Amino acid sequence: MSWGVGPAIAVLVACAAFAVFAETLRHDFISWDDSGYVTRNATVLAGVTPDGLVWALKSFHMGNWHPVTWLSHMLDVEFFGLWAGGHHLSSTVLHALN
């Protein structure tokens, strides 16, 4: 069975997206909203916890209901601590996969 050129194009686009956003791996957190989302958010800084999971599902913190975003930030803290490059890496991978 032949897959055609579709998968090759998808991989090419994903690689291009990664290449564009990879620059952010060297960037620090920014003062615009990273403190509310990560660096001064006690729930996120605790990583993935049962209370954090409930909070992520119920919270409208920062004006939006986006539990997947909160869970992603909690996982980033689990894996990378407060190394901003790691947080940017996971976002870059998600952008490339998308």
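These legends describe close-up views of a predicted model. Local features need pLDDT of at least 70, side-chain atom pairs count only at pLDDT 80 or more, and totals for chains, interfaces and linings use all residues. Residues are numbered from 1 along each chain as its sequence is written, and side-chain values use heavy atoms, without hydrogens and water.

**View A. The largest pocket holds about 340 Å³ of space.** A pocket is an open set of points on a 1 Å grid over the protein atoms alone, where a 1.4 Å probe fits, with protein on both sides within 12 Å along at least five of seven lines. Its volume is the space filled by probe spheres set on the points, which are joined across faces, edges and corners.

**View B. The lining of the largest pocket has 14 residues.** Lining residues have an atom within 4 Å of a point. Ser 72, His 73, His 87, Ser 91 and Leu 94 lie nearest the pocket centre. Helices α2 (34-39), α5 (67-80) and α6 (84-97) each supply at least two lining residues; helices are DSSP runs (H or I, at least four residues) numbered from the N terminus. Four lining residues are nonpolar, eight polar and two charged.

**View C. Glu 23 pairs with Arg 26 in a salt bridge.** The closest N and O atoms are 2.6 Å apart. The rule asks for a side-chain nitrogen of Lys or Arg within 4 Å of a carboxyl oxygen of Asp or Glu. The count comes to one salt bridge. Glu 23 is partly exposed at 38% relative accessibility. Arg 26 is exposed at 67%. Exposed means over 50% relative accessible area, buried under 20%, and partly exposed in between (1.4 Å probe, protein chains only).

Key
Nonpolar A, V, L, I, M, F, W, Y, C, P; charged D, E, K, R; others polar.
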